[in-house]
Amino acid sequence: MKQLLALLFFIPVLSFSQDSLEQELDSISTTEEALTFAKTHKKTNKSKLYTFNKEKHKTRLANDLFKLSKGAKKVVKGEEKTTYYKIIDKESVLHYRASYIYFDGNKMTLEDINKKRRKIISQYKQGYKFDALAKLHSMDLSANRGGDLGWFPEGKMHPEFEEAVKNHSTDAIFTLDIEEGKEHYIVLKTHDEKPIEEITVLKYTEATD
């Protein structure tokens, strides 16, 4: 009998706790509030803020979240944990796309870099694939993916790099020097700029009792 009474007492407490959490999540409407919530619950429960990009994230979960409106939430219940996803913000952000070949001015003279760039651009115009040239010549990790930057929003890259990409038409190939870091590039603008939908999502996970 005592065990039954204890269980009957525990169920309303659990329900109250669940309702309290739902109300707290529902009250969050800004990124600042979401960050505060995530920081508060970081140790006891896994809580973090994520940005999903419609071009980059193609999972079933991402597709489900993009269907939700701002302020809505998705609850995924499992045997060991329950995860909440709250849509904090939803917007269309202008993105750009380019590929590049990088030369390190700390390891090569500008004269050697310019000589090499002229040869590579000539090869490209003769029909060589840019990604193959990037894999062969680029002096950073982008060589592994053929120099492709993927889609990037304004503010992610160096301002001089972004400005140069904006000011060139699609399929244009050009050189760029950023003296500040002795960074030297051959850049190929591969796509027209376009708006891409992004959502800011608050994720909260708790153990299932």
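Predicted model: local features only at pLDDT ≥ 70, side-chain atom pairs only at ≥ 80, totals over all residues.
Along the chain, Ala164 and Phe174 are 10 residues apart, and the distance between their C-alpha atoms is 8.9 Å.

In soluble globular proteins, nonpolar side chains tend to be buried together. In this model, the largest nonpolar core has 14 residues, and those with the most contacts inside it are Tyr100, Phe161, Val165, Leu176, Tyr185 and Val187. Several elements give two or more residues to this core, namely the strands β3 (81-104), β4 (148-153), β5 (173-178) and β6 (183-189), together with the helix α6 (159-166). Of these, β3 gives the most, with 4 residues. There is also a second, separate core, which has 12 residues and includes Ile113, Ile121, Ala134 and Ile173.

Side chains of opposite charge can pair when their charged atoms come close. How many salt bridges does the count come to in this model? The count comes to 10, and I will go through some of them with you.

Arg117 forms a salt bridge with Asp177, and the closest N and O atoms of the two are 3.0 Å apart. This pair links distant parts of the chain, with Arg117 in helix α4 (residues 110-125) and Asp177 in strand β5, 60 residues apart. With a relative accessibility of 3%, Arg117 counts as buried, whereas Asp177, at 28%, counts as partly exposed.

Another salt bridge is formed by the side chains of Asp148 and Arg97, with 2.7 Å from N to O. Asp148 belongs to strand β4 and Arg97 to strand β3, so this pair ties together parts that are 51 residues apart in sequence. Asp148 has a relative accessibility of 22%, and it therefore counts as partly exposed.

A further pair is Glu193 with Lys189, where the closest N and O atoms are 3.2 Å apart. Lys189 counts as buried, at 3% relative accessibility, while Glu193 is partly exposed, at 36%. Finally on this topic, Lys54, Lys90 and Glu197 are linked in a network of salt bridges.

Now I would like to turn to empty space. Rolling a probe the size of a water molecule over the atoms shows where empty space is left. The second largest pocket holds about 160 Å³ of space. Which residues line the second largest pocket? They are Lys46, Ser47, Lys48, Tyr50, Lys81, Thr83, Tyr85, Lys203 and Thr205. The elements that give two or more residues to this lining are β1 (46-53), β3 and β7 (194-207), and β1 gives the most, with 4 residues. Sorted by class, the lining has 4 charged, 3 polar and 2 nonpolar residues.

Before I stop, there are two loop residues whose backbone angles I would like you to look at. In the loop between α6 and β5 we find Asp171, and its phi is near 80°, a positive value in a residue other than glycine. Asp171 has a relative accessibility of 55% and so counts as exposed, a word kept for values over 50%. In the loop between β5 and β6 lies Lys182, whose phi, near 55°, is again a positive value in a residue other than glycine. Lys182 is partly exposed, with a relative accessible area of 43%.

Notes. Residues numbered from 1 in each chain as written. Heavy atoms only, no water. Core = buried A, V, L, I, M, F, W, Y, C linked by side-chain atoms within 4.5 Å. Buried < 20%, exposed > 50% of the residue type's maximum accessible area, 1.4 Å probe, protein only. Salt bridge = Lys/Arg side-chain N within 4 Å of Asp/Glu carboxyl O. 1 Å grid on protein atoms, 1.4 Å probe; cavity = no way out; pocket = protein on both sides within 12 Å on 5 of 7 lines; lining within 4 Å. Points joined across faces, edges and corners; volume = space filled by probe spheres on them. Nonpolar A, V, L, I, M, F, W, Y, C, P; charged D, E, K, R; others polar.
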